[in-house]
Amino acid sequence: MTSIEDTYCEAFEGLVVQLMVTAQDTEFLYRAVNSFTALPSTVFGDAEGGIVKWLTERETLDGRIGAIVQLWVTGGGKSSRAKFYEQLGLRLRQGILVVPTTAVFDYFPEKCEIKFNMMNNVGHCGDGYEEIITKFNRKLISVPIMMGYDFLIDEEISYSKGVMGGNLWLFCDSVNNGIKVGREAVNIIAEIDNVCTTFDVCSAGSKPETNFPEIGPSTNHPFCPTLKDKISSEEFRVPIGVKSIPEIVFNAVDIKTIELTMVKVIQGIIDMEGLIKISAGNYGGKLGKYKIYLREIGLKENYFI
């Protein structure tokens, strides 16, 4: 039976927008959504994004296929807000606006008093020919583009504080089972509202200390199965029989959604073949303000070591 380590997940504060992106067809939609959310890079002072869920024509504002996406930056102060506005504009302009037939709508799950006005960082791509229109009971910026189908975006986009870096470590008996278990965890998260995975199945859990600080966080070497005979037994921390440790990282609009995600993922994968142990990543409380103890989120007591 799979066991759960009596430990905690360490998470931290960030700012988040949640958007609905629509397009005429799947090819354009996938291109726009993947460009907007690609390359998680908050560790380099930029932004990171993820896909919350895909939508059918019946679920979108304009009756076309779509997706719910999130974008994040770390922190919550004035400098983080300025960085967020810049990064949001960059990803919208270069990731979505340039893809034919796309539109972007504010889709935050609750009413927010704080909003970004999108004219200065996106709307002015129209070079003065942009205009404010009313459509779908919203005020939208219409940006004329060469394709002949103008790009539409809400004039104001809501943003709020959220929780970044929720995570689970899945200790498996083979690489193939690690892939299967990891993918099932991602599939479960895709059915939960207001949470996204930024890496899907992540192969490279990191640590804050490194011999090469110029490249950012480096591999968490005590947990690399292939280093068994290359580092000391005192340093090597991979349990006997474990050959693969995929990490699942997720961000959510609030702490309750992070906890719900952890519970649903664990309950959904705990009986899968090849899963030996479930744990979570933390750095002794040095990284983030949130400590989410696996024993305190409502799991069965007999799951624990």
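The model is predicted. Its largest nonpolar core holds 33 residues, and apart from that core lies another, of 32 residues. Helix α1 spans residues 26–37, and Thr 22 sits in strand β2.

**Nonpolar cores**

- Within the largest nonpolar core, which has 33 residues, the members touching the most others are Ile 4, Leu 168, Leu 170, Met 262, Ile 269 and Ile 278.
- Two or more residues of this core come from each of β2 (8–22), β11 (160–172), α3 (175–189), β15 (247–252), α4 (255–269) and β16 (275–279).
- Helix α4 gives the largest share of this core, six residues.
- A separate core of 32 residues includes Ala 23, Ala 47, Ala 67 and Leu 97.
- In soluble globular proteins, nonpolar side chains tend to be buried together.

**Contacts of Leu 170**

- Neighbours within four places in sequence left aside, Leu 170 is in contact with Val 181, Gly 182, Ala 185, Ser 244, Ile 245, Pro 246, Ile 248, Ile 269, Leu 275, Lys 277 and Ile 278.
- Two residues in that contact list, Ile 269 and Ile 278, are also among the core members that touch the most others.

**Helix α1**

- Helix α1 has twelve residues, and the distance from its first C-alpha to its last is 16 Å, close to the 16 Å expected at 1.5 Å a residue.
- Leu 29, Ala 32, Val 33, Phe 36 and Thr 37 are the buried residues of α1.
- Exposed residues Glu 27 and Arg 31 are carried on the face of α1 turned away from its buried side.
- Elements covering the buried residues of α1 include β2, β3 (48–55), β4 (66–74) and α2 (78–97).
- At the N-terminal end, α1 is capped by Asp 25, with a side-chain oxygen 3.3 Å from the backbone nitrogen of Glu 27.

- Thr 22 counts as buried because its relative accessibility is 0%, under the 20% cut-off.
- The side chain of Thr 22 makes a polar contact of 2.7 Å with the side chain of Asp 62.
- A polar contact of 3.0 Å links the side chains of Thr 22 and Arg 64.
- Beyond neighbours within four places in sequence, Thr 22 is in contact with Leu 29, Thr 60, Asp 62, Arg 64, Ile 65, Gly 66, Thr 101, Thr 102, Ala 103 and Phe 105.
- One of these contacts, Leu 29, is a buried residue of α1.

Definitions and conventions
Residues numbered from 1 in each chain as written. Predicted model: local features only at pLDDT ≥ 70, side-chain atom pairs only at ≥ 80, totals over all residues. Heavy atoms only, no water. Core = buried A, V, L, I, M, F, W, Y, C linked by side-chain atoms within 4.5 Å. Buried < 20%, exposed > 50% of the residue type's maximum accessible area, 1.4 Å probe, protein only. Helix = DSSP H or I, 4+ residues; strand = E, 2+ residues; numbered from the N terminus. Contact = heavy atoms within 4.5 Å. Expected span 1.5 Å × (residues − 1). Polar contact = N/O pair within 3.5 Å; in protein donor to acceptor, adjacent residues only side chain to side chain.
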